[in-house]
Amino acid sequence: MLHTWRLVNSQTRRNASLAPGKDKFPVVVFSHGLGGNADIYSYQTMSLAARGNVVVVMNHMDGSGPFVRTRRGAEVRFDHVTNQISGSAVDKIRRNQTDVRVREVLAATEAVLRLDEAEDAWNECHDSGNEFLANIIGLSFVGRLEVNHITAMGHSFGGATAITAAKRRPDLYHAVVAHEPAIGWIPDDARRSLFAKSKTNGLELAHTAEGLFDEEDHIYRTEDDPTVHDIDSLFLFSHEWWEKDYARCHLLGEMHKAGRLGPENGVVHFSYIQGAHHNEFSDTSMLTPLWLARSVGVTGKRNPLETAKEIHQRTMSFLNRTRLRHGLELLP
């Protein structure tokens, strides 16, 4: 049934050399959704790479992906037990998984930043990463990364991961791209930051933020701490989730309309894509025969390839707006 997945050719080259010159590349760190992996988001990630970004995509080891093998050879498979739990119980489990995912995203980001440092800095750390790139595949990122323009990005579970990572390490990230983020799976500290009372008071849908948190109000003092709203942000939803008001997207929309989403003088985009479905942010709908994808509800009347193109275009438009804000050249 899914034989067509095996027929896909990727327009990439393994261990390709960097573009000549001294231009520096912005960095995007991407986190996959529940049931996904690094491969199933190739359209969005490779489209960003084709526009001049260094895109880091990982397979999370929290049991949210189908399969991953650790450095030591251990196998981590999809957690089917958690997937059968419903209600608030599963939300708490997913929030714990988000903590694991965030640690992985932060470690990956810091590792990539070290690639920009001189080789002797790596040698002092006794890390073989740069040596492998330089000696085995003839590739060096030293001095070629825009360390002052790093984006945390993800879809669904990955969107929740990206938002949380940026909230916890605003010194690392300068923008967040949240494709249909699973808001309910964001841990309390980041959700309280996103839905702070100063951002929701007086709004018609403010009551929908009640009951979102596990701990008492006094636990977190997000008003005085760095918040999600300090960082340029893109919140992009599908028409499917907008109609169902998943992930508190109507409240987020009202916050955006009232000027309470994102930095006051920064770049914040909020929208949904007409006719789009949740799975169309990944490659799933494009890889599945159209008759089958439509019959099981993972895509609609719209061509999923056109939806993927629009997702990329809106994402790049946002990223270029953030570059303008920081005085950087636009990507092609």
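Ala, Val, Leu, Ile, Met, Phe, Trp, Tyr, Cys and Pro count here as nonpolar, Asp, Glu, Lys and Arg as charged, and the others, Gly among them, as polar. By these classes, the lining of the largest cavity has 5 nonpolar, 3 polar and 1 charged residues.

This is a predicted model, in which local features need pLDDT of at least 70, side-chain atom pairs count only at pLDDT 80 or more, and totals for chains, interfaces and linings use all residues. Residues are numbered from 1 along each chain as its sequence is written, and side-chain values use heavy atoms, with hydrogens and water left out.

**Overall fold**

- The protein chain has 13 helices and 8 strands. Helices (H or I, at least four residues) and strands (E, at least two) are DSSP runs, numbered from the N terminus.
- The chain has 332 residues, and buried residues make up 50% of them. Buried means under 20% relative accessible area, exposed over 50%, and partly exposed in between (1.4 Å probe, protein chains only).
- Of the contacts in the chain with a separation of 6 or more, 73% join residues 24 or more positions apart. Contact means heavy atoms within 4.5 Å.

**Largest cavity**

- The structure holds 1 cavity of 30 Å³ or more. On a 1 Å grid over the protein atoms alone, a cavity is a set of points where a 1.4 Å probe fits but cannot get out, and lining residues have an atom within 4 Å of a point.
- The largest cavity contains about 40 Å³ of space. Grid points are joined across faces, edges and corners, and the volume is the space filled by probe spheres set on the points.
- Its lining consists of P26, V27, V28, N53, H149, T151, L319, R323 and L331. The elements that give two or more residues to this lining are β1 (25-31), β5 (145-155) and α13 (304-325).
- Strand β1 gives the most, with 3 residues.

**Packing of α3 and α6**

- Helix α3 (residues 88-115) packs on helix α6 (residues 157-168) at an angle of about 65°, and their axes are 9 Å apart. Axes are lines fitted to C-alpha atoms, for helices over the stretch in contact, and angles run from 0 to 180 degrees between N-to-C directions.
- The crossing is right-handed. That term applies if the near helix is turned clockwise from the far one by less than a right angle; anticlockwise is left-handed.
- On the α3 side, the contact is made by R94, Q97, T98, D99, R101, V102, V105 and L106. Helix α6 supplies F157, G158, A160, T161, T164, A165 and R168.
- By class, this contact has 6 nonpolar, 5 polar and 4 charged residues.
- R168 sits in helix α6. R168 is partly exposed, at 31% relative accessible area.
- Not counting residues up to four places away in sequence, R168 touches D99, V102, P187 and D189.

**Positive phi values**

- Most residues other than glycine have a negative phi.
- E180 has a positive phi of about 50° although it is not a glycine. E180 lies in the loop between β6 (175-179) and α7 (188-194), and is buried at 0% relative accessibility.
- D245, also not a glycine, has a positive phi near 55°. D245 is in the loop between α9 (239-244) and α10 (249-257), and is partly exposed, with a relative accessible area of 30%.

**Individual sites**

- P304 belongs to helix α13 and is buried, with a relative accessible area of 6%. Leaving aside neighbours within four places in sequence, P304 is in contact with E280, S285, M286, L290 and T299. The C-alpha atoms of P304 and E280 are separated by 6.2 Å, though the two are 24 residues apart along the chain.
- W242 is in helix α9 and counts as partly exposed at 22% relative accessibility. Beyond neighbours within four places in sequence, W242 is in contact with C249, H250, F270 and Y272.
- S282 lies in the loop between β8 (268-273) and α11 (284-287). S282 counts as buried, at 5% relative accessibility.
- Leaving aside neighbours within four places in sequence, S282 is in contact with I40 and Y41. S282 and D39 are 243 residues apart along the chain, and their C-alpha atoms are separated by 9.4 Å.

Technical notes
On a 1 Å grid over the protein atoms alone, a cavity is a set of points where a 1.4 Å probe fits but cannot get out, and a pocket is an open set with protein on both sides within 12 Å along at least five of seven lines; lining residues have an atom within 4 Å of a point.
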